[in-house]
Amino acid sequence: MAQVSEWEEFSFIPPHRETRRRAKLEEEIKNIFKLFERDKNGLCDVREVGTMVRALGLNPKESQLDKMIREMESDQSTGYVKFKRDPVKPGEKVEEPRRFFELMLDILLTYEYNGELIIRDSEETILNAFEALDPEKKGYIDSEYLKELMTTRGERFTNEEVLEMLNAAADPETGYIKYDDYSPILACD
């Protein structure tokens with residue numbers, strides 16, 4: 001994975017564009033959180049954090065996601081994450097951890113977390129990955145084969161995650177995933 005320092009020379013954004021970009025990101029973060037906030041109390045189930053982060057166009061590894069959640073949770077794990085820190089009086093020291101809003105804004109402004117780039121792969125990269133799983137160049141992958149790979153190799157997915165993906169990707173009649181059609185969807189943010 002590329003390190004942030006390799007991309008820093010490309011990081012200049014004019015101030016007026018940065019202000020607009022920041023406002024747009026803030027609104028996007030608020031909207032995503034509202035979708036998952038059940039009781040309109042500024043809290044969201046910690047199990048939804050991965051979905052929310054990915055909906056923001058980020059693609060963290062599970063280990064990164066676990067670190068983010070630990071960073072957002074208070075000292076006593078309640079199973080919920082707060083949207084924002086509690087307001088602080090001027091001159092008062094902030095003791096509270098970054099919450100969903102602050103952490104996501106920091107990541108989206110820099111595209112990095114703990115020194116690693118954390119953005120989605122390009123359509124070309126995803127297509128190449130699918131093609132590597134299709135040595136016969138058929139243009140599709142059998143969903144059972146992909147399910148086996150996703151649950152037994154590398155960073156393993158849960159059965160629920162695999163079924164959700166296969167329901168969206170696989171042709172219901174053949175069980176095949178036509179990766180030329182599915183790669184753009186995975187790359188889209």
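Predicted model: local features only at pLDDT ≥ 70, side-chain atom pairs only at ≥ 80, totals over all residues.
## How α3 meets α4

Let's start with a pair of helices: α3 passes α4 in a right-handed crossing. For α3 and α4, the axes cross at roughly 135° and come within 9 Å. That angle makes α3 oblique to α4.

## The chain as a whole

Stepping back, the chain has eight helices and six strands. Read from the N terminus, the order of elements is α-β-α-α-β-α-β-β-α-β-α-α-β-α.

Of the 189 residues in the chain, 32% are buried. Among contacts with a separation of 6 or more, 61% are between residues 24 or more positions apart.

## The largest nonpolar core

Which residues touch the most other members of the largest nonpolar core? They are Ile-29, Val-49, Met-68, Phe-100 and Met-104, out of 28 residues in that core. Two or more residues each come from α1 (15–36), α2 (49–55), α3 (62–72) and α4 (100–110). The largest share, eight residues, is given by α4.

Setting aside neighbours within four places in sequence, Ile-29 is in contact with Leu-56, Phe-83, Phe-100, Phe-101, Met-104, Leu-105 and Leu-108. Apart from this core lies another one, of 14 residues, including Ile-141, Leu-166, Ala-169 and Ala-170.

Now for helix α8, which spans residues 179–187. Which of its residues are buried? In this helix, Tyr-179, Tyr-182, Ser-183 and Ala-187 are buried. These residues lie on the same side of α8 because they cover an arc of only 130° around the axis.

The face turned away from that buried side carries Asp-181 and Ile-185, both exposed. As for what covers the buried residues of α8, the list includes the helices α5 (123–132) and α7 (159–169). The strands β5 (140–142) and β6 (176–178) also belong to that cover.

Notes:
Residues numbered from 1 in each chain as written. Heavy atoms only, no water. Buried < 20%, exposed > 50% of the residue type's maximum accessible area, 1.4 Å probe, protein only. Helix = DSSP H or I, 4+ residues; strand = E, 2+ residues; numbered from the N terminus. Arc of directions from axis to C-beta. Contact = heavy atoms within 4.5 Å. Core = buried A, V, L, I, M, F, W, Y, C linked by side-chain atoms within 4.5 Å. Axes fitted to C-alpha atoms, helices over the stretch in contact; angles between N-to-C directions. Parallel < 35°, antiparallel > 145°, perpendicular 65-115°, else oblique. Left-handed = near helix turned anticlockwise from the far one by under 90°.
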